[in-house]
Amino acid sequence: MRLITIIASLAVLALLVVLPFNLKNYGIYILSLWMVYSIAAMGLNLTLGYAGQVSLAQAAFLGIGAYTTALLMKAGYPFLFGFGLSAGICFCVGLILGYPALRVQHHFLAFVTLGFNALVWLVFRNEEWLTGGTYGLMGFPRPSFFGIDTTNQVAFYFFSLTIFVLLAVILWWIVRSPWGRAFQALRENPIRANSLGVDIRRMTLLAFAIGAAYGGMAGSLFAPLVEFIDPQSFQLNTSLMLLLMVIVGGSGRFLGPVIGALLVVLLPEWLRFTEGMYLIIYASLVMVLLAFCPSGLIGLYERSVAALRARPSGSRGSEKP
Amino acid sequence: MNRSNENVLSVCGISKSFGGIRAVDDVSFDVQRGEILGLIGPNGSGKSTLFDCVLGQLFPDSGEVFVNGNIVTRKRPCDLNKLGVGRTFQMLQVFSEMTVLENIILAGQEHRGTLVSRLFGQSDAGLTEQADEIIAFFRLTHLRDHRAGSLSYGQQKLLDTAMAFMAGPRLVMLDEPAGGVNLTMLESLKERLIAFNEERAATFVVIEHNMEFVMSLCTRILVLANGAIIAEGTPEEIRNDPVVIEAYLGE
Ligand SMILES: Nc1ncnc2c1ncn2[C@@H]1O[C@H](COP(=O)(O)OP(=O)(O)OP(=O)(O)O)[C@@H](O)[C@H]1O
Ligand SMILES: [Mg+2]
């Protein structure tokens, strides 16, 4: 099983490396967008899927990261500085946003985080001197590394892919460490976890902070990818979309948000031929999936693997007279 | 009041009310090192509430709690656990989506290293061997890699109890460990608690309704009724105490 996982991961990685050479610019752009949203969704998956803390504010962190990076790059700072600072700022803001979660949970927490998203959006829109208001920000260059300019779509794609893989490995490390177990315990039964020495206050705050930092780093990539940012991109809609990615892919499953993001980004493109019907088909698919498999696409996959495994012994059992 | 270090736990004048109900009413007692203390009383007499007040799950309205002579009133449950106090709840509480092994490792990992070293260290915090020992001790080895949620109620109850022992606690407080456990398992549970008490010098406070279990396990018993201690003594004394019999029979 382990070997299969490794081989499958390598195969996917190989595919991701050769794919851009067979796609037009727009296709490569969509793939890069997938990477960026995947990073944000992976962060949300840590907060929500692993640690069980509802957050409708991931788009706010995406925005904070994007604006921070764009402003710094416009001021002439290197991209990596903006990237690091975005992660740092979002980590701290996420920590603060975690405090309400120590008092309220579930739908109450959803509303608190939703309010935060609205607040951040208002700052983006109203503080024109800093953010350009509704006109947004543009005119920041794409980063270049070791003489390789990422203005080229393929170059930027590989740049996003590298960061995506790096952040995925780090997150994987976190969730398989004792921290991951503590996060899961926090989700399943905070009272019992507390009685076993898990500092649930600290773990709740960390779950928010790390998830937010991932949102910030995604935003930091988002800005140079789209090359123009405005408050519109970081509305509640986007938070809901990121939530959808996590849920559809499989919340609390490591690859869930990546699969979910792929679906949410690609499906509109694939369904383009249906024109007006697109949203209807899309919404129906999501409803059917979640009604029959609340654990998302990864859950659906796990379930079918389990069913395939169980079949031989099941049929033997039914042969009994 | 004697707060010498021989007292693993000292409870001094704990009271707790819910609205008009005085669930725990000025309760004081000491638990000595190596003791197995039973806590019995009719339903609703305040046993679980007393546990929660002692263990930081609830804040008492008044009174103080000492562990090994140090004041711990109003400390959080996780801090108490780090001081070497393990517990179970009356309602079964295992992490049903984790395996038995993961449940046990979780119960010990927070006692290993620091927050940072837990992030960068081994994923089992170096606890697999010790966890396997505890799992074997509670005879759950054949279920080691099963999801806790897939175990029978009695098995989950054993796992729940086993978790309270993982961190090598000095004091373990168990709320109805025998509830829902079948007779054979009950015997081995008792056997194991006594073994733990003798081999590892653990001190116990056990709430239990199963009289036979309590009487044969404990060295001393406290009886609670309407939130107050009405009797204290050896199992033999308690069994024949008319006050206790009346508390259980008359209402
Ligand atoms: N959270 C709560 N809110 C209000 N009342 C409570 C609460 N918890 C306990 N009580 C009340 O406090 C009293 C003592 O309850 P407690 O659970 O401590 O009893 P117990 O001795 O553990 O009973 P049992 O043997 O049935 O477990 C009861 O009258 C109960 O109704
Ligand atoms: Mg009780």
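Between chain B and chain A, 17 residue pairs are in polar contact, both residues having pLDDT 80 or more. A polar contact is a pair of N or O atoms within 3.5 Å; within protein, one must be able to donate a hydrogen and the other to accept it, and residues adjacent in sequence count only if both atoms are side-chain atoms. The model is predicted, with local features needing pLDDT of at least 70 and side-chain atom pairs counting only at pLDDT 80 or more, while totals for chains, interfaces and linings use all residues. Residues are numbered from 1 along each chain as its sequence is written, chains are lettered from A and ligands numbered from 1 in the order in which they are written, and side-chain values use heavy atoms, with hydrogens and water left out.

**The interface**

- On the side of chain B that touches chain A, α2 (77-82), α3, α4 (115-120) and α6 (153-165) of chain B each supply at least two residues. Helices here are DSSP runs of H or I with at least four residues, strands are runs of E with at least two, and both are numbered from the N terminus.
- Helix α3(B) gives the most to this side, with five residues.
- Chain B brings 33 residues to the contact and chain A brings 26 residues, where contact means heavy atoms within 4.5 Å.
- About 2,700 Å² is buried between the two chains, and carbon and sulfur atoms give 56% of that area. Buried area is the accessible area (1.4 Å probe) that two parts lose on being put together, summed over both.
- B:Phe95, B:Leu115 and B:Leu119 supply 23% of the area that chain B buries against chain A, more than any other three residues.
- Three salt bridges run between chain B and chain A, each being a side-chain nitrogen of Lys or Arg within 4 Å of a carboxyl oxygen of Asp or Glu.
- A:Arg187 and B:Glu97 form a salt bridge, with their closest N and O atoms 3.0 Å apart.

**The magnesium ion**

- B:Ser48 (OG) and B:Gln90 (OE1) coordinate the magnesium ion (ligand 2) at 1.9 to 2.0 Å. Donors are N, O and S atoms within 2.8 Å of the metal (3.2 Å for Na, K and Ca), and water is not among the atoms, so sites may look incomplete.
- B:Ser48 lies in helix α1 (residues 47-54) of chain B, and B:Gln90 in the loop between β6 (85-87) and α3 (100-109), so the pair ties together parts 42 residues apart in sequence.
- B:Ser48 is partly exposed at 24% relative accessibility, and B:Gln90 is partly exposed at 37%. Buried means under 20% relative accessible area, exposed over 50%, and partly exposed in between (1.4 Å probe, protein chains only).

- A:Ser177 sits in the loop between α7 (153-176) and α8 (178-188) of chain A and is buried, at 1% relative accessibility.
- The side chain of A:Ser177 reaches the backbone oxygen of A:Ile174 at 2.7 Å.
- Apart from neighbours within four places in sequence, A:Ser177 is in contact with B:Arg118, B:Leu119 and B:Ser123.
- A:Thr113, in helix α5 (residues 106-126) of chain A, is buried at 0% relative accessibility.
- A:Tyr99 belongs to helix α4 (residues 79-101) of chain A and is partly exposed, at 48%.

**Confidence**

- Chain B has a mean pLDDT of 92, and 97% of its residues reach 70 or more. pLDDT is the predictor's confidence in each residue, from 0 to 100.
- The model scores ipTM 0.93 and pTM 0.92.
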